[in-house]
Amino acid sequence: SSVSQGPRICIVGSGPAGFYTAQHILKHDAQAQVDIYEKLPVPFGLVRFGVAPDHPEVKNVINTFTQTAWSKRCTFLGNVTVGRDVTVEELQGAYHAVVLSYGAEEKRELGIPGEELPGVYSARDFVGWYNGLPVNRHLNPDLSSDTAVILGQGNVALDIARILLSPIELLKKTDITQSAVDTLSRSHIRRVWMVGRRSPLQVAFTIKELREMIHLPGTRPNLDPSDYQGLEKITHSLPRPRKRLTELLVKSALEKPGEKVATQWGQAEKEWGLRFLRSPLAVLPCDNSRRAAGIRLSVTQLKGTGEDAVAVPTGQVEDISCGLILSSIGYRSVPISSAVPFLPKQGVIPNSMGRVQGTQGMYCSGWVKRGPTGVITTTMSDSFETAQAILEDVRSGALNPLEPKTGAVAIQDLLLLRGIKPVSFSDWEKIDKVEIARGLKVGKPREKILDTEEMLQLVLR
Ligand code: FAD
């Protein structure tokens with residue numbers, strides 16, 4: 001990390017956006033040095049704390065990220081919150097380029113009365129809880145009622161429904177936290193409704209996740225045929241992914257299943273279903289007002305068609321009794337510093353191909369660049385685009401690698417003064433080993449450490 005003629009670049013956030021941006025820069029500029037700052041002591045962002053525990057194959061990207069981190073020209077500095085422990089301006093002083101890849105960490109609020117009642121949780125907190133996100137480790141959700149309502153019909157909603165309904169024997173073999181296993185084994189939830197403002201033609205989940213739900217052991221779909229009648233006549237006109245998804249919904253709702261599936265569904269003790277054209281109006285409290293006992297929904301109708309159709313209220317309402325309400329209406333990025341422009345309405349940093357508007361040497365990638373939608377491969381493409389912009393700016397001279405910059409050396413001095421000890425990638429590998437060893441004892445791929453203090457004690461001796 002000493003004398004180099006290449007650009008010194010720092011990346012804020014070690015999720016897919018951070019790692020893919022680093023990978024592309026390191027691959028195409030043999031002189032570049034990349035430092036990745038991460039607020040948690042552990043890397044990988046939502047790959048560790050978002051992706052469902054029963055989807056281990058999705059987490060294989062970690063192997064690629066680890067290869068990147070092992071590069072001699074890449075340094076991981078965990079346990080450093082940019083905006084608190086070190087400012088964006090300080091990073092700008094120490095690096096030729098600063099890339100903001102800090103994701104979308106906040107929940108979106110429903111903005112309805114009763115939202116604060118016990119029994120109501122955001123998807124972000126609930127997912128964080130079962131995936132071992134340190135801030136959510138004490139969530140301890142109340143699963144004592146028989147019905148849950150999830151507001152939202154995307155893949156995150158399906159992840160949550162699957163975790164609530166999956167046989168505990170299956171979950172026990174994943175890297176879900178032990179406290180989530182304990183709570184879920186005592187769960188009384190038998191029925192999960194996923195509620196959407198629009199129609200079956202606008203659901204946001206994808207076919208693979210739907211298929212998995214349809215075949216979930218011990219669980220049957222409860223799909224109201226009237227929601228799907230007539231749709232088979234228009235499927236041919238839909239774009240391909242939407243067409244296949246709608247065909248599967250229609251088939252599951254309207255066709256008689258084969259004998260084997262019919263028997264499975266007949267014996268199932270749990271069920272899930274989709275409710276359409278409903279938007280949340282209020283959480284209904286129980287008699288003593290101390291917790292949620294139901295949700296009031298406004299019945300909507302669609303104006304327009306296809307992906308652009310808008311739901312407008314009809315004036316009718318419907319109540320559903322439920323003791324668990326999960327709002328899965330999306331994530332939200334927050335501004336990190338007044339030195340960085342931010343569009344509060346869209347919740348993104350204004351940019352063009354990843355170049356932050358009105359600034360020099362500042363870039364962004366991932367969810368904070370394009371908003372909190374899309375899978376890891378979408379994030380990969382947009383991160384490569386940002387990396388490409390940086391490489392071009394080095395080539396064109398817009399970034400000047402010959403200008404002296406101290407990089408991590410100066411920042412580490414600052415951190416030391418402030419009492420912050422960064423966690424290195426080999427420190428993370430120690431944490432990783434301990435987690436894997438603890439998992440092995442109980443037949444899981446890993447048992448995540450939930451307490452950042454415990455992580456730090458393992459490595460900062
Ligand atoms: P993140 O992954 O959120 O990474 C941001 C990182 O920045 C985090 O590590 C965070 O700790 C760090 N950070 C935040 N603030 C600071 C700061 N101030 N200083 C330093 N560091 C900071 N995609 C799939 O392809 N398959 C799936 O199965 C899948 N499941 C998902 C399940 C859930 C519940 C969610 C929410 C998303 C899922 N996704 C899935 C989408 C995928 O996770 C995202 O596309 C991707 O993680 C976005 O990458 P990112 O790097 O922009 O953000």
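Reader: Which domains is the protein chain divided into?
Author: This is a predicted model, and its chain is split into domain 1, covering 8–105 + 333–423, and domain 2, covering 107–330.

Reader: How far apart are the C-alpha centres of domain 1 and domain 2?
Author: Those centres are 34 Å apart.

Reader: And how many residues are in contact between the two domains?
Author: On the domain 1 side there are 7 residues, and they are in contact with 15 residues of domain 2. The domain 1 side of that contact divides into 5 nonpolar, 1 polar and 1 charged.

Reader: Thanks! Changing topic to helices: at what angle do α1 and α3 pack?
Author: Helix α1 (residues 16–28) and helix α3 (residues 61–70) pack at about 50°, and their axes are 10 Å apart. Because of that angle, α1 counts as oblique to α3.

Reader: Is that crossing left-handed or right-handed?
Author: The crossing of α1 and α3 is left-handed.

Reader: Which residues meet there?
Author: From α1 you have P16, F19, A22, Q23 and L26, and they meet V61, F65 and T68 of α3. Sorted by class, this contact has 6 nonpolar and 2 polar residues, with no charged ones.

Reader: Nice. Now, what is the phi of N140?
Author: N140 has a phi near 45°, which is positive even though the residue is not glycine. For background, most residues other than glycine have a negative phi.

Reader: Where is N140 found, and is it buried or exposed?
Author: N140 sits in the loop between α5 (123–130) and β7 (147–151).

Reader: What about M353, what is its phi and where is its place?
Author: M353 also is not a glycine, and its phi is positive at about 50°. You'll find M353 in the loop between β16 (351–352) and β17 (355–356). M353 is exposed, with 12 other C-beta atoms within 10 Å.

Reader: Which residues does I160 touch?
Author: Leaving aside residues up to four places away in sequence, I160 touches A123, F126, V127, I150, L326 and S328.

Terms used
Residues are numbered from 1 along each chain as its sequence is written. This is a predicted model: local features need pLDDT of at least 70, side-chain atom pairs count only at pLDDT 80 or more; totals for chains, interfaces and linings use all residues. Domain bounds come from an automatic or database domain assignment. Ala, Val, Leu, Ile, Met, Phe, Trp, Tyr, Cys and Pro count as nonpolar, Asp, Glu, Lys and Arg as charged, and the others, Gly among them, as polar. Axes are lines fitted to C-alpha atoms, for helices over the stretch in contact, and angles run from 0 to 180 degrees between N-to-C directions. Helices (H or I, at least four residues) and strands (E, at least two) are DSSP runs, numbered from the N terminus. Angles under 35 degrees count as roughly parallel, over 145 as roughly antiparallel, 65 to 115 as roughly perpendicular and the rest as oblique. A crossing is left-handed if the near helix is turned anticlockwise from the far one by less than a right angle, and right-handed if clockwise. A residue is buried if 20 or more other C-beta atoms lie within 10 Å of its own, exposed if 12 or fewer, and partly exposed in between; C-beta atoms are placed from the backbone.
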